[in-house]
Amino acid sequence: MSMTDKKSYAKVVQNGVQAVEAVNELRAAGYAKDHIYVLAHNQDRTERIADTSDANEIGIKEEGVFDAIANLFRSRGDELRAKIVSLGFTETEAAFYEKELDLGKVLVIARHPA
């Protein structure tokens with residue numbers, strides 16, 4: 001969880017409680033709120049966890065306008081993978097994380113400041 005690594009950090013957790021703990025660990029490691037994101041398969045669950053943990057959801061700012069609009073027409077799986085890729089992960093990594101989200105897990109991401 002070193003901030004010297006330029007690649008985004010991701011951690012898969014089992015539930016919202018663990019997601020809040022992971023967000024708190026990232027803050028303690030020096031990540032700012034603006035660089036911490038949570039993602040669950042269900043959009044409502046993502047919103048609840050983001051609110052509870054005081055983290056961010058992946059939005060237009062991270063994805064860009066084109067991808068955000070394209071997500072309106074994508075399946076939820078395709079949308080999740082696009083969101084993960086927008087934070088610096090490869091398509092292969094995004095596919096792995098999206099499968100974990102399918103299983104009900106939560107993804108916590110810390111993005112290294114640009």
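Reply: Eight salt bridges are held by this structure, which is a predicted model. One of them pairs Lys33 with Asp54, whose closest N and O atoms are 3.3 Å apart. That pair links distant parts of the chain, since Lys33 lies in the loop between H1 and S2 while Asp54 lies in the loop between H2 and helix H3 (60-63), 21 residues apart. Lys33 is partly exposed, at a relative accessible area of 35%, and Asp54 is partly exposed as well, at 41%. Asp54, which follows H2, has a positive phi, near 60 degrees.

Another salt bridge joins Lys83 to Glu79, with 4.0 Å between the closest N and O atoms; these two residues are four apart in helix H5, and therefore about one helical turn separates them. Lys83 counts as buried because its relative accessible area is 7%, below the 20% cut-off, and Glu79 is likewise buried, at 15%.

Arg81 forms a salt bridge with Glu98, the closest N and O atoms lying 2.9 Å apart. Here too the pair links distant parts of the chain, with Arg81 in helix H5 and Glu98 in helix H6 (residues 91-102), 17 residues apart. Arg81 is partly exposed, having a relative accessible area of 22%, whereas Glu98 is buried, at 7%. Finally, salt bridges that share partners join Arg27, Lys33 and Asp54 into one network.

Notes:
Residues numbered from 1 in each chain as written. Predicted model: local features only at pLDDT ≥ 70, side-chain atom pairs only at ≥ 80, totals over all residues. Heavy atoms only, no water. Salt bridge = Lys/Arg side-chain N within 4 Å of Asp/Glu carboxyl O. Buried < 20%, exposed > 50% of the residue type's maximum accessible area, 1.4 Å probe, protein only.
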